[in-house]
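Student: I have a model open and would like to learn how its features get their labels. Could we go through them together?

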Amino acid sequence: MKYFSLSPLSLFFILLFFSSGFTSAQTEKEIVDTYEDYIDAPREVVYLHLNKSTYIKGESIGFTAYVLDKRDKRPSLLTTNLYVSVEDANHKIVKQKLIKVNNGIASNVFDVDSLFNSGYYNIKAYTNWMRNFNEPNYYNESIRVIDPETEIDIQKPVVNNDIDAQFLPESGHLLNGVLNKIGVVIKDSQGFGVPNTKGEVVDQNNKVLTAFTTNELGIGSFFLIADTKTNYSVKINHANEDFNFPLGQPVEKNGIILSVKRLKTKLYVSVTTNEDTFDTIKSKRHTLLIHNGNGYEVMDIYFTDAPVINKVVEFNSIPTGTNIITLFDENDKPIAERLFFNYEGINIKSSDKISATGSGDSLKIKLNYKDVDTQLFHNISVSALPQETESYRRHSNLVSQAYLQPYINGYIENSRYYFENIDQKKQFDLDNLLITQGWSSYDWNNMFLPEELPHPFEQGILIKGNINNQDHLNDVFVLHHSKENPPQYKQTSDGNKSIIFDGGFPVDNNKVFISRINSSNTLKPAQLYVQTFPSTIPTLLTKVKPLKPRDNYKIGENLNIIAPSDFNFDEVQKLDEVIVESSFDKQLVKARKLQTHAFVNIKIPSELDKQTFMYLEDYLFSNRIFTVYDQQNQEITFNNGRGGGSVIGGSPMLVYFNGAPMTSVGFLHRFPMADIDRVEINRTGFGGGARGANGILKIWTSQKSMFSAKNKVTAQDYKLPLTFSEKKKFYMPKYQYYNDDFFKGYGTIDWKPELMLDSQGNLEVKILKPQVPITLFIEGITNDGTFIFEEKSISLN
């Protein structure tokens with residue numbers, strides 16, 4: 001027997017070992033090795049908390065991304081690059097972004113602008129690494145967009161009374177002569193479950209053998225002792241219309257089935273064959289593998305004394321979440337599979353206190369989560385909508401996406417249901433759902449992974465510079481600063497003809513500047529052939545279409561949102577990006593924003609300065625920074641004018657160029673003023689250590705004309721084909737009325753993508769005081785895997 005380290009599964013199989021039929025024979029190596037290799041690569045799961053599921057053109061799609069380690073269900077500390085895209089019904093990309101993830105969390109918005117029409121769109125979130133695997137670890141959700149210009153009324157659609165019924169035996173086989181459990185799925189013409197539907201199973205003589213009733217999601221089950229000589233059909237009455245469906249499953253004369261049953265805290269596991277099969281398989285090995293994508297236990301089984309092998313197992317010894325039992329025949333071919341779910345260990349927290357306080361036109365809502373460890377990193381996202389909203393008809397939540405959806409081949413209708421107010425009925429309903437799902441998302445026909453996976457794990461953007469000129473192989477190459485990214489210095493070694501820069505996380509600005517420092521300590525353009533990775537947003541191909549939001553539209557309601565022509569969302573978005581100017585000139589406003597210390601004097605050259613002073617030395621001289629140029633060594637020094645007198649020939653200042661300390665600054669001789677963005681003069685040298693004792697001079701060039709002038713080029717500029725999207729603020733749309741039926745059904749109150757608890761466990765949500773009762777849709781997670789998920793309704797007096 002071979003074990004993969006996972007103690008709960010080990011305990012599970014230790015208990016199972018003592019039931020008859022299990023032996024300690026050597027497990028088939030091929031199954032073990034294949035599965036080990038496949039699960040060895042780390043996995044992540046991504047979920048998007050959307051502020052709504054139905055949007056009016058002119059609104060924004062606000063989202064918070066949660067990227068979790070699939071094994072421990074905690075925020076991932078590895079992923080930084082997340083792709084989010086919106087596709088139309090024809091799979092055409094409408095919008096897409098590359099966003100930066102920090103500690104497993106990111107947020108952003110998409111504007112529902114002129115690129116959108118009325119209809120349904122899919123929003124996807126994924127990493128490049130996820131594309132290596134068959135399981136749906138990515139996120140894919142359908143949303144609806146309503147264009148007021150073309151969809152004047154929101155009307156309840158007329159749905160034909162057509163239903164589809166499927167009957168799916170547990171573990172995939174209907175076996176002759178034994179008791180089989182059969183799952184039921186009944187859907188309407190829109191693909192949604194038909195609730196509370198009764199059905200009868202009859203034989204060819206119309207004799208009723210058993211009956212069932214579906215739950216609110218159209219799922220049920222029944223038991224049947226199958227017989228190869230009987231033709232089965234199912235009678236269903238729905239909306240006063242009778243339907244008759246064939247059972248649609250052949251009764252197999254020979255075979256083996258798997259079944260599980262939960263009763264309170266125990267799991268009953270059975271491996272069953274029939275009398276016709278028993279004698280033919282007594283001497284044949286079968287292999288049972290229990291796995292969950294993290295670890296596994298495997299054992300060979302033999303039917304020795306009876307056609308049934310069973311055991312009772314405590315649920316607290318089984319790993320939390322979705323587990324999979326796969327049965328292999330003597331040829332190591334998978335022949336049956338059963339999924340089951342363990343709720344034990346899922347930690348979902350809800351608030352125990354809530355209060356709302358109004359002040360002026362604002363409302364402060366406070367919720368307390370007393371059992372959450374606020375010292376741990378965490379994030380909470382909150383969508384505030386009218387209490388009567390029709391626009392939050394989402395199927396999933398963070399818990400269902402982490403524990404359930406990645407293990408299933410199809411999309412689950414209202415998977416949130418199974419994790420709201422969990423009780424025995426929810427557990428029973430989820431088990432019925434898993435019976436109907438057939439094989440899990442682990443495809444045994446595509447379990448082999450190449451040694452080197454084709455889609456690499458990405459962190460930031462890498463810049464590869466290929467050196468074309470042999471004379472430059474010994475030069476030092478400089479990737480100059482860009483916003484938060486400091487300069488980098490690289491030199492080739494071991495005969496390599498390329499260098500790799502960590503390009504960091506460039507945001508929106510799509511240019512980088514690269515120089516080389518030659519043997520004469522002169523700054524020159526790099527003259528590299530530059531490649532970046534990634535350079536494009538990869539396409540995620542998905543096998544199954546997500547379910548549309550299950551909308552419940554009202555009849556004859558006129559849309560009264562202010563038309564997009566009256567609400568220029570692009571202009572509103574720019575408010576957090578521009579510098580507002582009044583009586584100040586632009587340079588003065590910018591200098592005040594940059595000023596951080598009293599001992600640092602920041603100079604922003606005006607256009608007049610750049611016309612008056614051709615070279616940097618001249619401009620610095622006017623600011624009492626004196627320069628000495630050594631023509632023989634082609635070197636220049638900058639000396640502090642501290643004290644009011646000339647210090648030509650004195651000790652040089654410490655010079656920074658675009659954030660990098662320079663040991664040689666000869667390249668700044670006759671440097672054109674046209675390229676200067678700002679100069680920071682620290683005459684005290686405070687903060688510069690011993691090297692800065694004579695003062696510090698920081699020179700920053702503008703990226704608009706960086707390193708280029710009429711007679712001097714010192715850097716190669718390269719346009720990045722892909723950058724990270726800047727985090728945008730969520731802006732509220734404007735509505736004509738804030739208390740009519742339309743607003744109650746489709747309006748937005750507010751969206752808070754990244755909130756945190758205070759030290760007392762309080763969550764404060766500040767919004768404009770609404771005119772209607774509201775509901776808060778709250779989701780979040782902490783660094784120890786604690787989930788926060790609830791809906792809170794607030795009625796205002």
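This is a predicted model: local features need pLDDT of at least 70, side-chain atom pairs count only at pLDDT 80 or more; totals for chains, interfaces and linings use all residues.

Student: Why is the aromatic pair of Tyr83 and Tyr126 called tilted?

Tutor: Rings of Phe, Tyr and Trp (its six-membered ring) pair if their centres lie within 6.5 Å, and planes under 30 degrees apart count as stacked, over 60 as edge-to-face and the rest as tilted. Here the centres are 5.8 Å apart and the planes make 35°, so tilted is the label. Tyr83 sits in strand 4 and Tyr126 in strand 7, 43 residues apart; strands are DSSP runs of E, at least two residues, and helices are runs of H or I, at least four, each numbered from the N terminus.

Student: What makes Tyr83 count as buried or exposed?

Tutor: Buried means under 20% relative accessible area, exposed over 50%, and partly exposed in between (1.4 Å probe, protein chains only). Tyr83 has 0%, so it is buried. Tyr126, at 2%, is buried too.

Student: And why is the pair of Tyr343 and Phe419 called tilted?

Tutor: Their ring centres are 5.9 Å apart and the planes lie at 50°, so this pair is tilted. Tyr343 is buried at 8% relative accessibility, and Phe419 is buried at 2%.

Student: What makes a set of residues a nonpolar core?

Tutor: The members are buried Ala, Val, Leu, Ile, Met, Phe, Trp, Tyr and Cys residues joined through side-chain atoms within 4.5 Å. The largest such core has 77 residues, and Ile123 is among those touching the most other members. Strand 3 (residues 60–69) gives the most to this core, with six residues. A second, separate core of 27 residues includes Val372 and Tyr735.

Student: How do you know which residues line the second largest pocket?

Tutor: On a 1 Å grid over the protein atoms alone, a pocket is an open set of points where a 1.4 Å probe fits, with protein on both sides within 12 Å along at least five of seven lines; lining residues have an atom within 4 Å of a point. By that test 50 residues line the second largest pocket, with Asp188 and Phe192 among those nearest its centre. Strand 12 gives the most to this lining, with four residues.

Terms used
Residues are numbered from 1 along each chain as its sequence is written. Side-chain values use heavy atoms; hydrogens and water are left out.
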